[in-house]
Amino acid sequence: MTAANQIDAVLASVDAGLEQSLERLYALLRIKSISTDPAYASECRKAADWIVDQLRGLGFDAAARPTPGHPVVVAHGPDQPGAHVLFYAHYDVQPVDPLDLWHTDPFEPQLKTDASGRKIIVARGASDDKGQMMTFIEACRAWKAATGSLPTRISLMLEGEEESGGKNLPPFMEANRDELAAADIALVCDTDMWDRQTPSITTMLRGLVAEEIEISCANKDLHSGMFGNAARNPNQVLAEIIASLRAPDGSVTLPGFYDDVAEISPELKAQWQGLGFDDKAFLGEAGLSIPAGEQNRSVLEMLWARPTCEINGMIGGYTGDGFKTVIPAKASAKISFRLVSGMQPDKIRAAFRKHVQDRVPADCSVTFHPHGGSPAITVPSDGTHLRQALEGLSGEWGKPAVITGSGGSIPVAGDFKRILGLDTLLIGFAHVDDQIHSPNEKYDLDSYHRGIRSWVRVLASLAG
């Protein structure tokens, strides 16, 4: 059987078995694997065991590995030529509150037709992330059914605590580094398509530095009538520091902030320009109309490929009902920096602290409270695995798959690089209207069906 005929046979197996595949998805969706609530610990274990049984039935060496929290499912397929892929997803889900806003039982999946005539699967976890995870597992099932084997070497690591912080996964990866780092590339299915007909691979994730600062001036709150003008006001000091973080052109003023920031390639910039992203419509949804940030940059470029500084919270003085004429003793702010590839969190944190310290009056003081830091992740745009995955996706959807970035941070991608030395391809089939984390979460039937077919093709491409 030729390679093309083999893929056709696997895709035919996907199509013929869709109804049975949906029943398996529904069985998993009925398990109430809410990781953040200890009352559902047994349900999380039940979900992990269910997945293990499915994978063992497909010939994987699979087990639910213990952690101090919920299990991590690890599975390994037999040796095969081609790339060794490590697939990641999570089987835990968010709580369902507020329950009264759900139109149906969140743990009794329903296949419905939405207002646009699309078939949708409605249940908690349908999109985030059980439906996405099952697209990959069902692709493996189709390969086994049609050919008797998997197309390449496949391992899976499926987490049970992503929705509750995932604190036990990095230590687990550290403890099992030699086993997991044997893979060549990590695959994550927990992201969106660009639009309903355009598949995408996210290759750029911004890093993060978060700091809380507290400015202290007088040793107690002061009466503003008796001490106004004479006493330093920490709210004023804090406001001046915050205002100094950005220049009039929208750029961040920390010395050396842009030293390690590279421009994106003209080819990637042109591709992003061709995506049809509407800057005005994007801002309009938030009730805004004028882009902030660096001038002469598109909104997509600012979101995906440029670093930022944001004021996430400010506290100082009396904030209750009514009015209190007080000069507070302290004022604080929570400030975060989103980083792009090449920027070092420790370097940015140090530059920020020096910038603040240089602006605090001699008779006042500042304390810093770090709230985490992680580097950005970028997959080389000329990488073999990326090219192969793009070819596979494009073959299924009949149009070129696009490379996108993300303004947010996905910690597991950073952990794959930091702990295992693996690049990550983020390939998902969700849509922005899937209402993840909200009542009436859904996953398009087309996303599920063609997601399975997409993985069939991607795995074939990665097999070389």
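**Ground rules.** Residues are numbered from 1 along each chain as its sequence is written, and side-chain values use heavy atoms, with hydrogens and water left out. Because the model is predicted, local features need pLDDT of at least 70 and side-chain atom pairs count only at pLDDT 80 or more, while totals for chains, interfaces and linings use all residues.

**Entry 1: two helices.** I looked up helix H2 (residues 18-29) and helix H3 (residues 41-57), which pack at an angle of about 155 degrees with their axes 10 Å apart. That makes H2 roughly antiparallel to H3 (the word is used for angles over 145 degrees). Axes here are lines fitted to C-alpha atoms, for helices over the stretch in contact, and angles run from 0 to 180 degrees between N-to-C directions. Helices (H or I, at least four residues) and strands (E, at least two) are DSSP runs, numbered from the N terminus.

Which residues of H2 meet H3? I found Arg24, Ala27 and Leu28 on the H2 side, and Ala47, Trp50, Ile51 and Gln54 on the H3 side. Contact means heavy atoms within 4.5 Å.

**Entry 2: the cores.** Next I checked the nonpolar cores (sets of buried Ala, Val, Leu, Ile, Met, Phe, Trp, Tyr and Cys residues joined through side-chain atoms within 4.5 Å; buried means under 20% relative accessible area, with a 1.4 Å probe and protein chains only). The largest has 79 residues, and Ile51 and Leu55 are among those with the most contacts inside it. Helix H15 (residues 445-462) gives the largest share of this core, nine residues. A second, separate core of 28 residues includes Ile213 and Val366.

**Entry 3: a sheet.** In what order do the four strands of the open sheet lie? I read S11-S13-S9-S14, with antiparallel pairing; two strands pair if DSSP finds at least two bridges between them. Strand S11 (308-316) and strand S14 (365-374) are the edges, each pairing on one side only. Eight bridges join strand S9 (residues 207-216) to S14, and isoleucine 215 has valine 366 in S14 as its bridge partner. Helix H12 (residues 345-357) packs on the sheet, touching S9, S13 and S14.

**Entry 4: an enclosed strand.** Four of the five residues of strand S16 (residues 402-406) are buried, so S16 is largely enclosed by the rest of the structure. Strand S8 (residues 200-205) pairs with S16 in the parallel sense over five bridges, and threonine 202 stands opposite threonine 404 in S16.

Definitions and conventions:
Parallel < 35°, antiparallel > 145°, perpendicular 65-115°, else oblique. Buried < 20%, exposed > 50% of the residue type's maximum accessible area, 1.4 Å probe, protein only.
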